[in-house]
Amino acid sequence: MKKIESLAEYYQDYQESIDHPESFWEDKASSFQWMSKWSKVLNWEFDSPKVEWFVGGKLNITENCLDRHLEIRPNQVAILWEPNDPKEKVVKITYKELHIRVSIFANVLKNHGAKKGDRICLYMPMVPELAIATLACARIGAIHSVVFAGFSAKALADRINDASCNILLTSDGSYRGSKQLCLKAIADKALESCSSITSCIVLKRTGEKISMKPKRDFWWKEEISKVTSLCKAQKMDSEDPLFILYTSGSTGKPKGVQHHCGGYMVYAEYSFRNVFQYNQNDIYWCTADIGWITGHTYIIYGPLLAGATTLMFEGVPTFPDAGRFWEICDKHQVNIFYTAPTAIRALQACGNEFPEKYDLSSLKTLGSVGEPINEEAWHWYNKYIGREKCSIVDTWWQTETGGILISPLSNITKTKPTYATLPLPGIQPCIVDLNGDELLGNNVQGNLCIKFPWPSMIRTIYGDHERCKNVYFSNYPGKYFTGDGCKRDHDGFYRITGRVDDVINVSGHRLGTAEVENGINEHPLVIENAVVGFPHDIKGQGIYAYIILDKNSLSENELTEQILETVVKEIGSIAKPDKIQFVRGLPKTRSGKIMRRILRKVAEGDTSTLGDTSTLLDPSVVEGIIKNSK
Ligand code: WT7
C-alpha cells in the first residue's frame with residue numbers, strides 16, 4: 001500500500017475520500033490479498049446499525065500478515081521481543097519463522113476441536129506466544145478475546161462466560177518488573193465458574209509450581225510437538241468476526257466490542273502506514289499491552305500487515321529503573337515510538353537524567369494515545385525524548401473505532417500541543433450540541449460524533465446488538481457518538497477534551513464508574529457508594545469513592561484496606577480507588593438520582609461553584625462531604 005507523502009496529497013486524498021468514499025477504499029483494499037473479490041464496497045445505515053465493508057469479499061487476515069511477505073521479506077524480523085529482565089535474551093522472530101509458528105499453533109487449536117466462529121480467550125503475559133496465538137486464532141477463523149492479564153479471576157470469568165469461550169490460553173505466571181504474578185492460579189479460580197471451557201493450554205514462562213487439571217489443562221510445549229507446521233488459512237467472509245475485545249461503558253457490565261475481518265484489516269494497515277509514516281526497515285515500538293485495542297491494532301495487525309518489524313516489550317517502564325524505555329530505544333535503535341501520556345508523565349517525574357544517558361538519535365516519530373496529553377508532558381516528550389527533532393503524533397481513537405481516526409501524519413501535517421489535529425482520510429467527524437445539531441464552522445465545542453462509516457468501526461457488541469445501538473447510535477440519530485467532548489479551533493484542528501459520560505480514564509485505561517461502584521458494593525459493610533474521576537498528576541484521572549457504611553466495629557483504616565482488596569478481587573488493581581471518603585449520605589435529587597456533578601466538584605477540590613443544591617433531598621449532606629473531603 002502506498003502512503004501519503006505530502007501535505008497536498010493529504011488534502012487531496014481527504015477530499016477524494018469524502019467525495020467518493022467507495023472508490024477511495026476500494027483502491028486501498030486492492031493492495032491486499034483476497035481469496036475472492038467483494039461485490040460491493042459498502043452497505044450501511046446507522047439506525048439498526050448495519051455496516052458492511054467489502055461485501056462478499058473472502059480473505060484471511062493472516063495471509064496478509066504472513067504469507068504475502070514470505071517471498072519479499074522471509075528473513076526480516078517480524079517480532080522483536082524484549083524481555084522483562086534486561087539480562088534475559090532478546091528474541092527475534094522472522095516473517096518465515098512467524099508463519100511457521102502461527103501455523104503450528106493453529107493446528108494445536110484445531111486438535112483441541114477449535115473451528116471457525118468459536119471464541120477463544122487469551123489471558124497471557126506480553127510474550128511472543130501471545131501474538132502467535134492471537135494470529136493462530138485468526139488463521140483458523142476462531143474469534144479471539146484477549147483479556148488483559150491484570151484483570152482479576154472474577155473479571156476474567158465474566159468475559160469468558162459472556163462469549164462462551166471454549167478454549168483458554170494462559171501461562172504459569174508472568175513477570176512485571178520486580179513482581180511475579182501467578183496467572184494460572186487466577187485462571188484456575190476463574191474456571192471454577194466457566195463451564196464452557198473444555199481445554200486450557202498453558203505456556204511455561206516463570207517455571208513456578210502450578211496445578212494442572214487432568215483432561216482440561218495441557219502444556220503448550222507438549223501440544224506443539226504433536227502437530228505439523230502446515231495450516232491452510234481458513235476462508236473468511238469480509239464481515240465474519242475477527243475478534244471481541246471487552247471495554248468499559250457507563251453501565252456495570254463490560255461490552256464485547258466486535259470487529260470484523262475485511263474492514264479492520266484495511267484500516268489497520270492504512271492508518272499504521274500513514275500516521276507513523278512507516279518506512280521499510282524502520283524499527284517500530286508500541287509500548288501498549290496486547291490486552292488493549294492499541295496492542296491489537298498497532299503491535300500485531302497494523303505493523304505485520306505493513307511488513308514492519310514490531311517490538312514487543314514484556315516489562316514495565318520503571319524496571320530495573322526509570323531509564324528502561326530509553327535504554328530499549330537505544331539498544332534496538334527504535335525509529336518510531338508510541339506510548340501513553342501517563343507513562344510520559346510518570347517518567348518525566350523521575351528526572352531528565354534517565355533519558356539523557358541514552359542515544360535517542362534513531363527516533364523520528366513519537367506517538368501518544370489513550371487520553372488527552374497535557375501541554376507540559378507534550379513539551380517534555382518533545383524536548384527530552386524527541387530532542388526537538390521528532391514529529392509528535394497525538395492519536396485519538398477508541399476500542400470501538402478499531403484504528404486511529406484523528407491524528408497528525410508524522411512529518412506531514414502540522415502538529416499542535418494537546419491537539420489530535422485532523423481526521424485521517426475517510427473519517428468524517430462532526431461536533432454536535434446537546435440538541436444533536438451539528439455545529440458547523442470553526443471555533444466550536446460540543447460532543448464528538450462521526451457521521452459516515454469507516455472500515456474498522458465496531459459492528460456490534462457481542463450478544464447484545466441492542467446495546468450497541470443504544471450506546472453509540474441513539475443519542476444522535478444517524479451518527480456514531482464517541483462519548484468524548486471536543487473542540488474545533490480556528491484552524492479547524494480538533495482537540496479532545498475528555499469523556500462526557502460516566503467513564504473515567506485512569507492511566508489510559510477506561511473504567512465505568514458503575515463498574516467500580518459494583519465492585520465496592522461487594523464489600524459486606526458497604527451500603528451504597530458513588531465513584532467519580534478527579535484530576536491526577538500522573539494517571540490523568542484518579543478514582544474518588546464516596547462510601548456509606550453499615551454500622552460497624554472496624555476502624556476506617558482497616559475498612560479502607562478491605563475495600564481496596566475487594567476491588568482488586570472484583571476487577572483488578574487498575575480499578576483501585578485513589579481516595580476513599582466515608583460519608584453519611586450522598587447528594588441525591590428527590591427522585592433518588594445521585595448528583596455526581598457535586599461529587600466531582602468536591603473531588604476536584606473546587607467547592608466554590610457547587611451550583612444550586614436546594615433541589616437535593618437533604619442539602620445538609622453536602623456540607624458534611626465538603627468538611628471531610630480528602
Ligand atoms: C478513550 C478510548 C485508543 C486506544 C487507547 C484507549 C480517550 C484516547 C486519546 C487522545 C484524548 C484520548 C478518549 C477515548 N483517548 N486517545 N489522543 N486524546 N483522548 O482506548 O480504552 O477504548 O478509550 O480514550 O476519551 O474515548 P479506549
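Arg139 lies in helix 5, which spans residues 128–140; helices (H or I, at least four residues) and strands (E, at least two) are DSSP runs, numbered from the N terminus. The structure is a predicted model, in which local features need pLDDT of at least 70 and side-chain atom pairs count only at pLDDT 80 or more, whereas totals for chains, interfaces and linings use all residues. Residues are numbered from 1 along each chain as its sequence is written, and side-chain values use heavy atoms, with hydrogens and water left out. Arg139 counts as buried, at 3% relative accessibility; buried means under 20% relative accessible area, exposed over 50%, and partly exposed in between (1.4 Å probe, protein chains only). Not counting residues up to four places away in sequence, Arg139 touches Asn60, Thr62, Glu63, Asp67, His99, Val102, Ser103, Ala106, Cys231, Lys232, Ala233 and Gln234, where contact means heavy atoms within 4.5 Å.

Gln76 is found in the loop between helix 3 (61–65) and strand 4 (77–82). With a relative accessibility of 14%, Gln76 also counts as buried. The side chains of Gln76 and Thr309 are joined by a polar contact of 3.2 Å; such a contact is a pair of N or O atoms within 3.5 Å, and within protein one must be able to donate a hydrogen and the other to accept it, while residues adjacent in sequence count only if both atoms are side-chain atoms. Leaving aside neighbours within four places in sequence, the residues in contact with Gln76 are Ile93, Thr94, Tyr95, Tyr278, Gln280, Gly307, Ala308 and Thr309.

The ligand is surrounded by 17 residues, the closest being Asp394, Thr395, Thr399, Asp484 and Arg510; a residue is near a molecule or strand if one of its heavy atoms lies within 4 Å of it. By class, this shell has 6 nonpolar, 6 polar and 5 charged residues; Ala, Val, Leu, Ile, Met, Phe, Trp, Tyr, Cys and Pro count as nonpolar, Asp, Glu, Lys and Arg as charged, and the others, Gly among them, as polar. An oxygen atom of the ligand lies 2.8 Å from a polar side-chain atom of Arg499. For Asn505, an N or O atom of the side chain is 3.5 Å from an oxygen atom of the ligand, and for Arg510 the corresponding distance is 2.7 Å. Of the 560 Å² of accessible area that the ligand has on its own, the protein covers 96%; accessible areas come from the Shrake-Rupley method with a 1.4 Å probe, and for residues only the protein chains shown count as cover. Helix 10 (293–305) and strand 25 (494–499) are the elements that give two or more residues to the shell around the ligand.

Strand 25 pairs with strand 24 (residues 480–488) in the antiparallel sense over 5 bridges; two strands pair if DSSP finds at least two bridges between them. In this pairing, Tyr494 of strand 25 stands opposite Arg488.

An open sheet with mixed pairing is formed by 8 strands in the order 12-11-8-6-7-14-15-23. Strand 12 (217–219) and strand 23 (460–461) stand at its edges with a single partner strand each, so one side of each is left without a neighbour in the sheet. Strand 8 (residues 167–171) and strand 11 (residues 199–203) run parallel and are joined by 5 bridges; Thr170 has Val202 in strand 11 as its bridge partner.

Parallel pairing also involves strand 19 (residues 365–368), which is joined to strand 18 (residues 336–339) over 4 bridges. Phe337 stands opposite Leu366 of strand 19. Strand 19 likewise runs parallel to strand 20 (residues 391–394), with 4 bridges between them, and Gly367 has Val393 in strand 20 as its bridge partner. Thr365 and Gly367 point one way from strand 19, and Leu366 and Ser368 the other way; all are buried.

Most residues other than glycine have a negative phi, and most peptide bonds are trans. Ser164, although not a glycine, has a positive phi of about 40°; it is found in the loop between helix 6 (153–162) and strand 8 and is partly exposed, with a relative accessible area of 38%. Lys215, also not a glycine, has a positive phi of about 70°. Lys215 is found in the loop between strand 11 and strand 12 and counts as exposed at 77% relative accessibility. A cis peptide bond with omega of about -10° joins Ser48 and Pro49.
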